[in-house]
Amino acid sequence: RIDAALVGRLPIYAELLGVLQLQLGYLAQLSPNINPDEEETFFGAVEAIFKDPSDRTQNLFLRLIRLMVDRENEALAQTAELFHPSHSKAFHIISRHALSQAHIMDVVHPFFKDEPLGKDDTM
């Protein structure tokens, strides 16, 4: 059972979420300054903010990724370091998003053959 006070606050939370989705510059600027011990919190927050599958939200998410990549690229001494898992927040955001439950059928499923299980099964 959900508390009635919480239900009454849902429109406020929805508005806050909408505002956070529009703060792409702030999130992109914040990402390189996240300490390693705070990364999971940051990744989880971005995932929650852009979880809505609507076209609007996903378009904003892609804009955030572009901004993050631009910021990381500007800060790098060598292009070879771009998307390196050890220091690229954009790499982790993209990976988590692509491998999330919402996209598992689009990303992982095509790698498996559409063959019945049996003697030819390679799994």
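This is a predicted model: local features need pLDDT of at least 70, side-chain atom pairs count only at pLDDT 80 or more; totals for chains, interfaces and linings use all residues.
**Figure 1. A look at Ser 95.** Ser 95 is partly exposed, with a relative accessible area of 24%. On this scale, residues under 20% relative accessible area are buried, those over 50% are exposed and those in between are partly exposed, using a 1.4 Å probe and protein chains only. Ser 95 is found in helix α5. Residues are numbered from 1 along each chain as its sequence is written, and side-chain values use heavy atoms, with hydrogens and water left out.

**Figure 2. Where α3 meets α5.** Let us stay with helix α5 (residues 89-98), whose axis comes within 10 Å of that of α3, the two crossing at roughly 50 degrees. Axes here are lines fitted to C-alpha atoms, for helices over the stretch in contact, with angles running from 0 to 180 degrees between N-to-C directions. α3 and α5 are therefore oblique to each other; angles under 35 degrees count as roughly parallel, over 145 as roughly antiparallel, 65 to 115 as roughly perpendicular and the rest as oblique. On the α3 side, the contact is made by Glu 39, Glu 40, Phe 42, Phe 43, Gly 44, Val 46 and Glu 47. Their partners on α5 are Lys 89, His 92, Ile 93 and Arg 96. Contact means heavy atoms within 4.5 Å.

**Figure 3. Phe 50 beside Phe 61.** The structure holds two aromatic pairs. In the pair shown here, the ring centres of Phe 50 and Phe 61 are 5.7 Å apart and the planes stand at 55 degrees, so the pair is tilted. Rings of Phe, Tyr and Trp (its six-membered ring) pair if their centres lie within 6.5 Å, and planes under 30 degrees apart count as stacked, over 60 as edge-to-face and the rest as tilted. Phe 50 sits in the loop between α3 (39-49) and α4 (55-75), while Phe 61, 11 residues away, belongs to helix α4. Both Phe 50 and Phe 61 are buried.

**Figure 4. Stepping back to the whole protein.** The protein has six helices and zero strands. Helices (H or I, at least four residues) and strands (E, at least two) are DSSP runs, numbered from the N terminus. Of its 123 residues, 22% count as buried.
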